[in-house]
Amino acid sequence: IADRREGIGVCGWILVSLSFLLVLISFPISIWACIKVIREYERAVVFRLGRILSKKAKGPGLILVLPCTDTFIKVDLRTVTCKIPPQEILTKDAVTTQVDGVLYYRIHSAVSAVANVTDVHSATSLLAQTTLRNVLGTQSLAQLLAGREEIAHSIQAILDSATEQWGIKVARVEIKDVRIPMAMQRAMAAEAEAAREARAKVVAAEGEMNASKALKQASMVLAESPAGLQLRYLQTLTTLAAENNSTIVFPLPINMLESLGQKNRGG
């Protein structure tokens, strides 16, 4: 609000004097119409002959309003919760999404909120919707899904700077939900499933490789000790017998089978 030094003029002072005289003549009946109660969370912007009476809003408590010359507007200073309707957004990578959010703000200057904008709540809501579309339009889908907190802080900073002259303080911005088309959801699910299957195959291949290395080392140890191989046979038989099996498979060394085959060919 511009700092205007001119007063209400001679006619204005005459009207104020007549109004004050009217209050004195009709006292104490008029006092009930002149005294207004302002709650703790409210402030009153008083206009005298169309001009704001003071740069600072009045309240809380009792305030005096002269009849005929004074009017006042109450302003609620409590935090307002504004739901941002779902917005159709085309992301940076050409994906259509619907995004909604919640805006928390409060009025910190009642005089600016009354004198600088017609409807401060409607203006803040519309500005939040436009800012949400503009900011999210510069982000890719992956950035939108992974960086909600950073995007919310960016939107809050833009809104706070734009609404400062309206007497608004933006406390918090939250992105509630991001809805993408069903075809894109199926494509993302298939991509994630393929990536998991690829990782599972890699893990299985690594397990087979480690198992083959362990078997190779075990075979080298058993080759150095023939008695160890026999003990391994006996341990296998003990394991099979412990399960109450009617059939026991007794493993024969491969070299023994090879020697029998050579004798048969020689005979």
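R39, E42 and K74 are linked in a network of salt bridges, a salt bridge being a side-chain nitrogen of Lys or Arg within 4 Å of a carboxyl oxygen of Asp or Glu. The model is a predicted one, so local features need pLDDT of at least 70 and side-chain atom pairs count only at pLDDT 80 or more, while totals for chains, interfaces and linings use all residues. Residues are numbered from 1 along each chain as its sequence is written, and side-chain values use heavy atoms, with hydrogens and water left out.

E42 is buried at a relative accessible area of 9%, whereas R39 comes out as partly exposed at 44%. Here buried means under 20% relative accessible area, exposed means over 50%, and partly exposed is anything in between (1.4 Å probe, protein chains only).

By this rule the count comes to seven salt bridges. Another of them joins the side chains of R48 and D70, at 2.8 Å from N to O. R48 sits in strand β2 and D70 in strand β5 (residues 70–76), so this pair ties together parts that are 22 residues apart in sequence. D70 is buried too, with 8% relative accessibility. Then there is R172 with E174, whose side chains meet at 2.5 Å, N to O. Both ends of that pair are partly exposed, R172 at 47% and E174 at 31%. As a general point, side chains of opposite charge can pair when their charged atoms come close.

Now for the first helix. Helix α1 covers residues 9–25, which makes 17 residues, and spans 24 Å from its first C-alpha to its last, close to the 24 Å expected at 1.5 Å a residue. That expected span is 1.5 Å times one less than the number of residues. Helices (H or I, at least four residues) and strands (E, at least two) are DSSP runs, numbered from the N terminus.

The buried residues of α1 are G12, V16, S19 and V23. They cover an arc of only 60° around the axis, which puts them on the same side of α1; the arc is taken from the directions from the helix axis to the C-beta atoms. On the other side, V10, C11, W13, L18, L24 and I25 are exposed. The cover over the buried residues includes α2 (31–34) and β2 (42–48), with contact meaning heavy atoms within 4.5 Å.
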